[in-house]
Each structure stands twice: as structure tokens, then as C-alpha cells.
Amino acid sequence: WWTTTWRLRPPPKPSTTQTATRNHNLMAAQRRLRVLVVDDDVAACLVIQRMLQGLGYDCDIAHDSQDALKAVSERTYSIVFLDSYLPRCEGWRLAMDIQSLCCELDVPKFVGMVTLKGDGMEQRCKEAGISKLLSKPIGRQDLATMTRMYIGETHCEN
């Protein structure tokens with residue numbers, strides 16, 4: 001006779017990163033935040049859009065200031081990621097145009113995306129209402145941190 005003893009192991013616990021990502025995805029879905037990415041680099045837009053969708057956000061893209069203004073006039077966005085240099089308009093000027101277009105309660109939070117910091121860029125961005133700057137290339141963790149920070153602010157305001 002053979003006897004076999006089976007021991008059931010509990011399933012492995014998810015890593016801290018997996019748990020944090022899962023919680024972040026759940027929060028994003030609950031809040032249904034809409035994000036706009038404005039960058040003239042089509043590939044960069046698609047990569048950032050994919051990462052934000054992976055984090056659970058609705059994400060639209062625009063490739064120039066006219067597309068961005070049209071998008072903002074049609075929808076309400078919680079966060080706008082702006083490239084610092086766009087065709088026809090710099091990112092900080094576009095932020096001011098968007099602010100003037102939105103009503104006071106619907107003004108999104110702005111995050112600047114820069115290749116190089118300098119030449120007074122940080123000061124111009126701050127004056128235009130762009131409170132945070134991310135250096136390119138932008139990673140998933142950068143986006144998660146930034147959106148998580150703004151989820152807290154949005155949650156406190158409502």
C-alpha cells in the first residue's frame with residue numbers, strides 16, 4: 001500500500017508592486033478620471049496612452065495645440081500631460097489657453113513633459129499653472145506616481 005499525504009499550500013501572496021498597481025487600477029476605475037496627453041511625437045503619445053490605460057485611466061491624445069483645445073472644449077479632463085514644445089504653441093502657453101477655456105470648476109491639473117529643463121522653463125510652467133514637470137522619457141512609475149498624487153487632490157476637492 002502506498003500512502004500519499006497532500007499538503008495544500010496557500011496561494012503565493014502578490015508582490016507589493018502588484019498590490020499597489022491593482023489598488024491604483026481600482027481607484028482609477030472608481031474615479032473614472034479622464035487624461036489628455038498632448039505631444040507632437042506620435043509614438044510617445046501612443047506609449048504614454050498605453051501606459052495610462054494600463055493603469056486604468058481613460059486617455060485621449062492630441063498632437064498639437066488646436067487638437068488639444070478642441071478636445072478640452074468637448075470633454076472634461078482631470079489631468080493634462082503637456083509636451084513643453086509643440087508646433088504652433090509652447091506647452092505652457094497652451095496650459096493658459098486651456099485654463100481660459102475651462103470654467104473654474106473644470107480646470108484640469110497640468111503636468112509638463114520636458115526633454116531638457118532650463119532656460120527658465122520651470123518658472124514659465126509654474127506661472128502657467130503647470131505644477132509638475134516630468135523628464136522624458138517618461139516611465140510607467142512616473143505616470144502612476146503623478147496620477148496617484150492628483151487622485152488624492154481631486155478626491156479632497158469633491
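Reader: Start with Asp-60. Buried or exposed?
Author: Asp-60 is buried, with a relative accessible area of 18%. The cut-off for buried is under 20%. Note that this is a predicted model.

Reader: Which side chain does Asp-60 meet in a salt bridge?
Author: Asp-60 pairs with Arg-75, at 3.1 Å from N to O.

Reader: Which residues are linked with Asp-60 and Arg-75 in a network?
Author: Arg-34 is linked with Asp-60 and Arg-75 in a network of salt bridges.

Reader: How many salt bridges in the whole structure?
Author: The search finds 5. One of them joins Asp-39 and Lys-136, with their closest N and O atoms 2.9 Å apart.

Reader: Where in the chain are Asp-39 and Lys-136?
Author: Asp-39 is in the loop between β1 (34–38) and α2 (42–54). Lys-136 is in the loop between β7 (130–135) and α6 (140–157). The two residues are 97 residues apart, so the pair links distant parts of the chain.

Reader: What is the accessibility of each?
Author: Asp-39 is at 1% relative accessibility and counts as buried. Lys-136 has a relative accessible area of 26% and is partly exposed.

Reader: What does Arg-88 pair with?
Author: Arg-88 and Asp-64 form a salt bridge, 3.0 Å from N to O. Arg-88 lies in the loop between β4 (85–86) and β5 (89–90), and Asp-64 in the loop between β2 and α3, 24 residues apart. Arg-88 is exposed, with a relative accessible area of 62%, whereas Asp-64 is buried at 13%.

Reader: Switching topic. What's the order of elements from the N terminus?
Author: The order is α-β-α-β-α-β-β-β-α-β-α-β-α. That comes to 6 helices and 7 strands.

Reader: What share of the residues is buried?
Author: Of the 158 residues in the protein chain, 37% are buried. The chain exposes about 10,200 Å², and carbon and sulfur atoms supply 52% of that.

Reader: And contacts: what percentage join residues at least 24 apart?
Author: The figure is 67%, taken among contacts between residues at least 6 apart in sequence.

Reader: On to α2. How far apart are its end C-alpha atoms?
Author: They are 18 Å apart. At 1.5 Å a residue, the 13 residues of α2 should span 18 Å, so the two values agree.

Reader: Which residues of α2 are buried?
Author: Cys-45, Ile-48, Gln-49, Met-51 and Leu-52 are buried in α2. Seen down the axis of α2, they fall within an arc of 165 degrees, so they line one face of the helix.

Reader: Why would residues three or four places apart point the same way?
Author: Because an α-helix has 3.6 residues a turn.

Reader: Last one. Where is Ser-84, and what does it touch?
Author: Ser-84 is in the loop between β3 and β4. At 6% relative accessibility, Ser-84 counts as buried. Leaving out residues up to four places away in sequence, Ser-84 touches Glu-90, Gly-91, Met-113, Val-114 and Met-121. Of these, Gly-91 is one of the buried residues of α4.

Methods. Residues are numbered from 1 along each chain as its sequence is written. This is a predicted model: local features need pLDDT of at least 70, side-chain atom pairs count only at pLDDT 80 or more; totals for chains, interfaces and linings use all residues. Side-chain values use heavy atoms; hydrogens and water are left out. Helices (H or I, at least four residues) and strands (E, at least two) are DSSP runs, numbered from the N terminus. Buried means under 20% relative accessible area, exposed over 50%, partly exposed in between (1.4 Å probe, protein chains only). Contact means heavy atoms within 4.5 Å. Accessible areas come from the Shrake-Rupley method with a 1.4 Å probe; for residues, only the protein chains shown count as cover. A salt bridge is a side-chain nitrogen of Lys or Arg within 4 Å of a carboxyl oxygen of Asp or Glu. The expected span of a helix is 1.5 Å times one less than its number of residues. The arc is that of the directions from the helix axis to the C-beta atoms.
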